[in-house]
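Welcome, and thanks for taking a look at this structure.

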Number of protein chains: 2
Amino acid sequence: MALQSLVDLRDLALKVLVASETSPENAEMVASALVRADADNIPSHGVARLPTYADQATSGKTDGFATPEISQVASAVIRVDAKNGFAYPAIALGLARAVDIVTETGVVAVAVGNSSHGGVLGHHVEDMADRGLAALGFVNTPAAISPWGGNRPLYGTDPIAFACPRRDLSPLVIDLSLTKVARGKIKLAADRGEPIAGDVATDADGKLTTDAAQAMAGSLLPIGDAKGAALALMVEILTATMTGSNYGFEASSFFSADGPPPNTGQFFILFNPESLGGEGFAGRIEVLMAAILNQPGTRLPGDRRLENRRKAEKDGVDIPDALLADLKARAGG
Amino acid sequence: MALQSLVDLRDLALKVLVASETSPENAEMVASALVRADADNIPSHGVARLPTYADQATSGKTDGFATPEISQVASAVIRVDAKNGFAYPAIALGLARAVDIVTETGVVAVAVGNSSHGGVLGHHVEDMADRGLAALGFVNTPAAISPWGGNRPLYGTDPIAFACPRRDLSPLVIDLSLTKVARGKIKLAADRGEPIAGDVATDADGKLTTDAAQAMAGSLLPIGDAKGAALALMVEILTATMTGSNYGFEASSFFSADGPPPNTGQFFILFNPESLGGEGFAGRIEVLMAAILNQPGTRLPGDRRLENRRKAEKDGVDIPDALLADLKARAGG
């Protein structure tokens, strides 16, 4: 492990991307997003993704030079065509336009299609809360969850995120996938030949398994059994049907540089608290936060990420030596 | 048990409400909603609620004569003040107005406050899908779920519902609460002195319990542990903060006629598929439905309700004798 400052890491990420068929504008947004994930100690969405991202841009699976195209299809609906480029510039473009109109409309839907890996979903809604808005976010991914009763994955891990502003404090940010256990953890166990818990995944025949390798060839179980599968179905409709993108089972891998673009989708709903909740909004949020924190043993969702972020801003983040060497080689350093 | 036709049952429910300090207009909507729940074989939300509803109207906890007040606070946001009356007329008023404007705006938020028991959440979004719209619905209830790590309930069971239209078919309807097991089932076990599963509820000290009576004094566990608790927190903000209503832990019981009105909230988001998904919407929904049903052992969410409904329309529904006698006495026999 080697400690890297966030500034240095971002600079390195930028160089890797620019050296890999990506425009400087797009590279800046992708690099910032990845380093932000590392700062929050979400390494699965950090610069560990860079080798794949760079290979995908080089192979053309992701168009690193894409310029997302925005259109306002109704007075409160923004559509963004990510043009098979990185998701981050497309999402940022759509959300920025939505911020401009939400004062008038009170609510805005942002549908991002022809997109790819969306990064940390919570960060996108957090950005909106930093601007004084509440926001819901949904994203789909290549298939991981089977329909309830079935045994072949159709739905992605399909995260749901929500954020809202807090008076004089960092926003409340909720961000969760609909699988019991993250696919990254199953993958790690498979690589190490370690078993997994008996109630989190099934093999290719739909039977519960503790064998991580068999789980990787099967399905991840959703939270709440049939309920979580139904929520994943809902997320697929919001993120794929409503954005004109691929369903989880139609999408190519986020992890390989081969094949067609994944063409997944992201869907956001922004709310103006001045229309919803009004003057009482800020005070009422604090009543709820206090009721939670008043109970010993509780913490607010997202609090740990904020703690990690503060530490990383001061001390930097630890990056595995092999990854760092790979990135430096790719940067042409 | 006595078999009742839906028409007779609705007529009986109407009479009970009108005899219990409720206006004929409000009584019609409440009676229809309750019988619709019985038809779908959701008796917990059917005419079994009528004795409580009637007592609440008589005591004034619910204002049976309330006329909900609607206002458009932004071009795509409708607020409804239910005036501490029954939720159904308030929800119907807000959704009807939203239907009028969604063609222009593409998305509309409907915030219903000062409300009470919202009935079957899935029915409200199903009504929107019957009009060609997709819809998300959220509702909070008196407290049932503790914040994760805590031991005192703050959040309601906090259902989430989603519906979207299908070409030439009944809409897809998803409707689920965020508890592992419905509170009604715990209550039934407590009444019968039967044990409950060991992983669905905690006692007043926050310890897992198989004792149904102790569970009723404690908390229900959310689906997905911390994830479900975070979703419930999100639902509380959407339904209470954003509608100016009570949080679960502030709300009085839906089951007693005493105390102040529960003042809970309902929150809906309507989407026009012509703006989101466009011409491809209907075809793409069917691609997903087919992919699900193509797997042996699967069914679509809501299918069982539809089967029950068709049977009930033909054969009527079974109502317990004691309940029927109570309702007839209340109706003025």
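In chain A, strands β3 (residues 77–81) and β4 (residues 107–115) pair in the parallel sense over five bridges. Within that pairing, Val80(A) stands opposite Val112(A) of β4(A). Strands here are DSSP runs of E with at least two residues, helices are runs of H or I with at least four, and both are numbered from the N terminus; two strands pair if DSSP finds at least two bridges between them. This is a predicted model, in which local features need pLDDT of at least 70 and side-chain atom pairs count only at pLDDT 80 or more, while totals for chains, interfaces and linings use all residues. Residues are numbered from 1 along each chain as its sequence is written, and chains are lettered from A and ligands numbered from 1 in the order in which they are written.

**The sheet of chain A**

- Seven strands of chain A form an open sheet with mixed pairing, in the order β2-β3-β4-β10-β5-β6-β7.
- Its edge strands, β2 (69–74) and β7 (169–176), each pair on one side only.
- Helix α5(A) lies across β5, β6, β7 and β10 of chain A, at about 25 degrees to β6(A); axes are lines fitted to C-alpha atoms, for helices over the stretch in contact, and angles run from 0 to 180 degrees between N-to-C directions.

**Helix α2 of chain A**

- Because 12 of its 16 residues are buried, α2(A) is largely enclosed by the rest of the structure; buried means 20 or more other C-beta atoms within 10 Å of a residue's own, exposed means 12 or fewer, and partly exposed lies in between, with C-beta atoms placed from the backbone.
- Among the buried residues are Met29(A), Leu34(A) and Arg36(A).
- The buried residues of α2(A) pack against elements of chain A including α1, α3 and α10; contact means C-beta atoms, placed from the backbone, within 7 Å.

**Asp8 in helix α1**

- Asp8(A) is found in helix α1 of chain A and is partly exposed, with 13 other C-beta atoms within 10 Å.
- The C-alpha atoms of Asp8(A) and Gly316(A) are separated by 9.2 Å, although the two residues are 308 apart along the chain.

**Where the chains meet**

- Chain A and chain B each bring 56 residues to their contact.
- On the chain B side, α8(B) gives the largest share, seven residues.

Methods. Contact = placed C-beta atoms within 7 Å.
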